[in-house]
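Have the structure open as you read.

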Amino acid sequence: MKQYMLLVIAMMFSLGIQAQTIEVSVEIPNIDASPYHRPYVAIWVETPQRKGVHTLAFWAEQKDWFKDLRQWWRKIGRSQTPSYDAATGATRKPGTYQLKWDGLLSSGQSIEPGSYVMHIESVREQGSREYLRQSFVVGETQPQHYELNGQTELGNIVISIH
């Protein structure tokens, strides 16, 4: 009986999927505008069927303006599903910011292997809006690397999954 239990435990570990780390580098470009207001930025993950999975970052200040991040607001913001409290922070000045996600959801469970879409949205008061997205796969054995180039409110976006 003891040998059977050890065999089951060994099989559980061998079938387990290694957690993947998702790193995102986000550039907020320096925009020559007067007055300049720091952008509201949301970075989140959805299923291909547009179901919200996790918010990596939500940089904002006044709640009245949250809904101007239209894509994020429709899918996650107004319902807080999933909760984005842990990813909320103040707006950022121009520069490059690094985000790292270990694939753990707010429930403590790991994200399921499969296809997902990362969304990056930025909007600025008296400025414009920009929305980018990138499909990726969780559970792939090969590292994934994507680069997106924003045109107005976002600069270079680099997504690495390993």
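## A hairpin to start with

This is a predicted model, so treat what follows as a reading of that prediction. Begin with β2 and β3, which pair in the antiparallel sense over six bridges. Across that pairing, Val41 stands opposite Trp59 in β3.

The two strands make a hairpin, with five residues between β2 and β3. Look in the turn for Arg50, which has a positive phi of about 70 degrees.

How much of β3 is buried? Eight of its eight residues are, so to speak, tucked away: β3 is mostly covered.

## What's packed inside

The largest nonpolar core has 26 residues, and Val24, Ile43, Met118 and Ile157 are those with the most contacts inside it. The elements giving two or more residues to this core are β1 (22-28), β2 (40-46), β3 (52-59), β5 (95-101), β6 (114-123), β7 (129-138) and β9 (156-161). Apart from this core lies another, of 11 residues, with Ala42, Phe58, Phe66 and Val123 among them.

Ile43 is worth a click. Leaving aside residues up to four places away in sequence, Ile43 touches Val26, Thr55, Leu56, Ala57, Leu99, Met118, His119 and Ile120.

Key
Residues are numbered from 1 along each chain as its sequence is written. This is a predicted model: local features need pLDDT of at least 70, side-chain atom pairs count only at pLDDT 80 or more; totals for chains, interfaces and linings use all residues. Side-chain values use heavy atoms; hydrogens and water are left out. A nonpolar core is a set of buried Ala, Val, Leu, Ile, Met, Phe, Trp, Tyr and Cys residues joined through side-chain atoms within 4.5 Å. Buried means under 20% relative accessible area, exposed over 50%, partly exposed in between (1.4 Å probe, protein chains only). Helices (H or I, at least four residues) and strands (E, at least two) are DSSP runs, numbered from the N terminus. Contact means heavy atoms within 4.5 Å. Two strands pair if DSSP finds at least two bridges between them.
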